[in-house]
Amino acid sequence: MEMKEIESAIEAILFASGEPIHVDRICLALDMDRPTVEKLLQKLMDYYAYERRGIRLLRIEDSWQLCSAPDHADAIRKAFEVRKSAKLSQPALEVLTIIAYYQPTTRAYVDQIRGVDSAYTIGLLLDRKLIEECGRLQVPGRPHLYRTTSNFLRAFHLTSLNDLPEMPDLGGEGQMRLNEDGEIVDFAGSAPETAAQPEEPENLAEG
C-alpha cells in the first residue's frame, strides 16, 4: 500500500476502535513493523494539532486513541446535551496523588499518609475508573493493592507515568496533590496519626 493509503487505514482502525488501541495490534493488522507505524501515528498526531482539526490523536503509553479537540468541548456538550464532568474534590485528588506516586499501594498506606480513613474516596476513584485493583499484598489479611489506570493518564493529559511531575521536597511541612491539569499543588497537612480517623463522605463538585 502507498503511504497515504496506510495512513487512511490507520485512521479507520483508530476510529473503529473507539478506545485506546495498542500499537502492536495496528502493526499486526497492517503487517508492518512498529517503528514505521509509530512514525505514521506521530505524523497524524502532529497533523491534527497543527491544522487545528476537530479531532486529536492521543498517545497513552503504547496505545493510541482518537478523541475530539478540547477547544470544542462546549459545542460538543451542547450538541449532545452532555453535562460537564464532575471535578474531583480535594480529598479525591489527595488519594489519587498518593496512589499515582506510590503505586501499587494499599488503602492502609494511603490512610497512614492522610491520617483519615480513605475507603469512601477510594470507592469513588474506582467508580470513576481512575484507579483499579491490581492484586493483593502478601501479608496477613492480604489487603488489596491499587494502581492508576489509562483513564487516569488520559484525564491528566499524560502519555505515561514517567510524565508525572517530579515530587517536590516539602521538608515535612506539608503534603502535595495533583490538580486537574496534572500540576503539583502544595497544601497544608499534619503528620499522619497512628489511627486513621473516619473520613467525611464527600460530594464531587459540579464544574
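# Aromatic pairs, sheets and salt bridges

User: How many aromatic pairs does the structure hold?

Analyst: In this model, which is predicted, there are three aromatic pairs. In one of them, the ring centres of Tyr-102 and Tyr-109 are 5.5 Å apart and the planes stand at 65°, so this pair is edge-to-face.

User: What angle makes a pair edge-to-face?

Analyst: Planes over 60 degrees apart count as edge-to-face, and the planes of Tyr-102 and Tyr-109 are at 65°.

User: How accessible is Tyr-102? And what about Tyr-109?

Analyst: Tyr-102 is partly exposed, its relative accessible area being 34%. Tyr-109 is also partly exposed, at 31%.

User: Changing topic to the strands: what is the order in the open sheet of three strands?

Analyst: The order is β1-β3-β2, and the pairing is antiparallel. The edges are held by β1 (21-22) and β2 (55-60); each has a single partner strand, so one side of each has no neighbour in the sheet.

User: How many bridges join β1 to β3?

Analyst: Two bridges join β1 to β3, which spans residues 63-68, and the two strands run antiparallel. Within this pairing, His-22 is opposite Ser-63 in β3.

User: Which strands does helix α1 touch?

Analyst: Helix α1, residues 3-17, packs on the sheet and touches β1, β2 and β3. The direction of α1 makes about 75° with that of β3.

User: And where does helix α3 lie?

Analyst: Helix α3 (residues 34-50) lies across β1, β2 and β3. With β2, helix α3 makes an angle of about 140°.

User: At what angle do α2 and α3 pack?

Analyst: Helix α2, residues 23-30, packs with α3 at about 110°, and the axes are 9 Å apart. The two helices are therefore roughly perpendicular to each other.

User: Which residues make that contact?

Analyst: From α2 the contact involves Val-23, Asp-24, Ile-26 and Cys-27. From α3 it involves Arg-34, Val-37, Glu-38 and Leu-41.

User: Next, charges. How many salt bridges does the count come to?

Analyst: The count comes to twelve salt bridges. One of them is formed by the side chains of Lys-43 and Glu-7, at 3.0 Å from N to O. Lys-43 belongs to helix α3 and Glu-7 to helix α1, so this pair ties together parts that are 36 residues apart in sequence.

User: Is Glu-7 buried or exposed?

Analyst: Glu-7 is buried, with a relative accessible area of 9%.

User: What does Arg-147 pair with in a salt bridge?

Analyst: The side chain of Arg-147 meets that of Glu-132, at 2.8 Å from N to O.

User: Which residues do salt bridges with shared partners join into one network?

Analyst: That network consists of Asp-24, Arg-34, Glu-38, Arg-59 and Asp-62. Arg-59 and Asp-62 meet in a salt bridge through their side chains, at 4.0 Å from N to O. Both are partly exposed: Arg-59 has a relative accessibility of 28%, and Asp-62 has one of 32%.

User: Back to strands. In what sense do β5 and β6 pair?

Analyst: They pair in the antiparallel sense, over four bridges. Ile-131 is opposite Thr-148 in β6.

User: Which strand do two bridges join to β6?

Analyst: Strand β4, residues 105-106, is joined to β6 by two bridges, and the strands run antiparallel. Thr-106 has Leu-145 in β6 as its bridge partner.

User: Is Ser-160 buried or exposed?

Analyst: Ser-160 is buried, with a relative accessible area of 16%. The cut-off for this class is under 20%.

User: Which residues is Ser-160 in contact with, leaving aside neighbours within four places in sequence?

Analyst: With those neighbours left aside, Ser-160 is in contact with Glu-61 and Leu-153.

Note on methods. Residues numbered from 1 in each chain as written. Predicted model: local features only at pLDDT ≥ 70, side-chain atom pairs only at ≥ 80, totals over all residues. Heavy atoms only, no water. Pairing = 2+ DSSP bridges. Contact = heavy atoms within 4.5 Å. Axes fitted to C-alpha atoms, helices over the stretch in contact; angles between N-to-C directions. Phe/Tyr/Trp six-rings, centres within 6.5 Å; stacked < 30°, edge-to-face > 60°. Buried < 20%, exposed > 50% of the residue type's maximum accessible area, 1.4 Å probe, protein only. Parallel < 35°, antiparallel > 145°, perpendicular 65-115°, else oblique.
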